Amino acid sequence: MARRALTTTAATLTATAVLLLSGCGGGDDNSPDDIKGADAGSSPSASASTSEPSGPERPDITIPSSFRLTFENWTSSDPDEQAVLNDGKEQLRAGYAAIIENKPGGGDALAFYDTEAGLSQDREWIKSYTGKNVTVIGELPVFDPQATLFAKKTKAQLRYCTDESKAQTKHRKTGEVVGNPSGTDPRVAYVVTMQKSEQGVWQTVSTNSKRGGCS
């Protein structure tokens, strides 16, 4: 279930329909993803946190309670790094919302947070689910974030890890639930390349992953 790492995991996913998780505050049925850790107890709306996003209004993204996407210690004392974390989080949420809503094209929210190249890659990731008529359920913690800015703060790299232990796919018609095969390392490390748009949005250019790459 290692998201967007199509070069290394596509064959496995095709054979087993396991999860490719990676791609996205709070507690109600419509928006169950949480920010945990340093800002535990804050609401999802407050978790955009130490710095308000600049630029255009961000799209609203809804994740149902059947899939709990949690973000642990998703904060930085540096406002520029926090901006990268904020938009990286929402891009991930937008990707999973598209899977759950059965939108192989990704939808408007994902297009907002992706460059053209990033959206092309993410559509392949989403189709690895929608093409099998499955959705995602369970829980996916996203943790150990590290944002690094360069090129005069116009480009960035976002690293994080996920734990797929409690994440699964569910077939939309049969209801069959599938998790990672026994013996599969549930932790996956991600490296996301991002660039800042003219409107001030940190957009994803590409995502690479490595199963077992988390310490």
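**Note on the predicted model: rings, core and a disulfide**

1. Phe67, Tyr96, Trp125 and Tyr129 form a cluster held by ring pairs. The model is a predicted one, and the structure contains seven aromatic pairs. One of these is the pair of Phe67 and Tyr96, with ring centres 5.1 Å apart and planes at 50°, so the pair counts as tilted. An angle of 50° is neither under 30 degrees nor over 60, and therefore the pair is not called stacked or edge-to-face.

2. The two residues of that pair belong to separate elements. Phe67 is in strand 2 (residues 67–72) and Tyr96 in helix 2 (residues 79–100), so the pair ties together parts that are 29 residues apart in sequence. Phe67 and Tyr96 are both buried.

3. For orientation, the overall layout follows. The chain has four helices and eight strands. Their order along the sequence is α-β-β-α-α-α-β-β-β-β-β-β. The chain has 215 residues, of which 47% are buried.

4. The largest nonpolar core has 37 residues, and the members that touch the most others are Phe67, Tyr96, Leu158 and Tyr160. At least two residues of this core come from each of strand 2, helix 2, helix 3 (107–113), helix 4, strand 3 (134–150), strand 4 (155–163) and strand 7 (187–196). Helix 2 gives the largest share, nine residues. As a general background, nonpolar side chains tend to be buried together in soluble globular proteins.

5. Which residues does Leu158 touch, leaving aside those up to four places away in sequence? The list is Trp74, Val84, Leu85, Gly88, Gln146, Ala147, Tyr190, Val191, Val192 and Met194.

6. Asp122 sits in helix 4 (residues 116–130). The relative accessible area of Asp122 is 0%, which is under the 20% limit, so Asp122 is buried. The side chain of Asp122 makes a polar contact of 2.8 Å with the side chain of Gln91. Elsewhere, Lys89 lies over the face of Phe71, at 5.6 Å from the ring centre.

7. The count of disulfides is one. It joins Cys161 to Cys214, with an S to S distance of 2.2 Å. The angle about the S-S bond is -120°, and the link of Cys161 and Cys214 is left-handed. Cys161 is in strand 4 and Cys214 in the segment after strand 8 (202–211); the pair links distant parts of the chain, 53 residues apart.

8. Are the two cysteines, Cys161 and Cys214, buried or exposed? Cys161 has a relative accessible area of 8% and is therefore buried. Cys214, at 13%, is buried as well. Both values fall under the 20% limit.

9. Pro186 is found in the loop between strand 6 (177–178) and strand 7. With a relative accessible area of 26%, Pro186 lies between the 20% and 50% limits, so it is partly exposed. Pro186 and Asp163 are 23 residues apart in sequence, yet their C-alpha atoms are 5.4 Å apart in space. Not counting residues up to four places away in sequence, Pro186 touches Asp163 along with Thr162, Glu164, Ser165 and Arg211.

Notes:
Residues are numbered from 1 along each chain as its sequence is written. This is a predicted model: local features need pLDDT of at least 70, side-chain atom pairs count only at pLDDT 80 or more; totals for chains, interfaces and linings use all residues. Side-chain values use heavy atoms; hydrogens and water are left out. Buried means under 20% relative accessible area, exposed over 50%, partly exposed in between (1.4 Å probe, protein chains only). A polar contact is a pair of N or O atoms within 3.5 Å; within protein, one must be able to donate a hydrogen and the other to accept it, and residues adjacent in sequence count only if both atoms are side-chain atoms. Rings of Phe, Tyr and Trp (its six-membered ring) pair if their centres lie within 6.5 Å; planes under 30 degrees apart count as stacked, over 60 as edge-to-face and the rest as tilted. A charge sits over a ring if NZ of Lys or CZ of Arg is within 6 Å of the ring centre and within 35 degrees of the ring normal. A nonpolar core is a set of buried Ala, Val, Leu, Ile, Met, Phe, Trp, Tyr and Cys residues joined through side-chain atoms within 4.5 Å. Contact means heavy atoms within 4.5 Å. A disulfide is a pair of cysteine sulfur atoms within 2.5 Å.
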